[in-house]
Amino acid sequence: MSERFDSTWAPILKPLFATEKMKALSAFVQNERSLHKVFPPNELVFNAFKLTPLSNVKVVILGQDPYHNDGQAHGLSFSVPKGMALPPSLKNIYTELVTDIPGFTYPNHGDLTKWAEQGVLLLNATLTVRAHEAASHQKRGWEQFTDSIIKEISDKKEHVVFMLWGSYAIKKSALIDANKHLILTAVHPSPLSVYRGFFGSAHFSQANEFLKHHQLEPIDWQV
């Protein structure tokens, strides 16, 4: 298991993996994989924790579920591998970046690995999903696991920016110490809500200003 995440996460993840709830969740996911196609592939479930060491976390962008169509999910919220069509929410994220970050040019791919490698933890609340069945692995234990991660980041780190988009993500602000961290909230970037406050929210420039204020390297948002 340890080779699937960066060693800096071990003090947080290993005790969580040892709990009865996580053992039950693991058994559920293994059974699902034996009966159905499940995304992302087993080796990419903890990809966010592999690409972004705990010691490097500067920004957390919280999603809800992995993408559930073939080839999309690779363990990073809102991201898809190069060669995949851009999902609607990611298109809207890029549109906001064009107006928010001077010099940002609209990318021709949806792979956000470059963000992850700079310290942007692209975390979904649920880390697996049955193929073509949205939300099929919700309320099986992943939410408690990722809530624990968010709280541990809040407790152990300082000056992290949490981007919480949509009512589901915004509820997670209860886990975060707003005296130590910057919490940015807006509607979800999906086409259903994006015009009600995501466009114009300027979260990406606000994040960089906060990081610079605390003598931290800002994120290069271009991918």
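I take a residue as buried when its relative accessible area is under 20%. The model I examined is predicted.

**Entry: strand E3.** I looked up strand E3, residues 120–124, and found five of its five residues buried, so the strand is largely enclosed by the rest of the structure. I then asked which residues lie on each side of E3.

**Entry: the neighbouring strand.** I next looked up the pairing of E3 with strand E2, residues 59–63. The two strands run parallel and are joined by five bridges. For leucine 62, I noted leucine 123 as the bridge partner in E3.

**Entry: overall fold.** I counted eight helices and six strands in the protein. Along the sequence I read their order as α-α-β-α-β-α-α-β-β-α-β-α-β-α.

**Entry: dimensions and packing.** How does the radius of gyration stand against the value for a compact globule? For 223 residues the globule value would be near 17 Å, and the protein has 17 Å, so the two agree. I recorded a box of roughly 50 × 35 × 30 Å for the C-alpha atoms along the principal axes. Of the 223 residues, 52% count as buried. Among contacts with a separation of 6 or more, I found that 67% join residues 24 or more positions apart.

**Entry: surface and charge.** The protein carries 22 positive and 21 negative charges, and I found their mean positions 4 Å apart.

Conventions:
Residues numbered from 1 in each chain as written. Predicted model: local features only at pLDDT ≥ 70, side-chain atom pairs only at ≥ 80, totals over all residues. Heavy atoms only, no water. Buried < 20%, exposed > 50% of the residue type's maximum accessible area, 1.4 Å probe, protein only. Helix = DSSP H or I, 4+ residues; strand = E, 2+ residues; numbered from the N terminus. Pairing = 2+ DSSP bridges. Rg over C-alpha atoms; globule rule 2.2 N^0.38 Å. Contact = heavy atoms within 4.5 Å. Lys, Arg positive; Asp, Glu negative; His and termini not counted. Charge placed at Lys NZ, Arg CZ, Asp CG, Glu CD.
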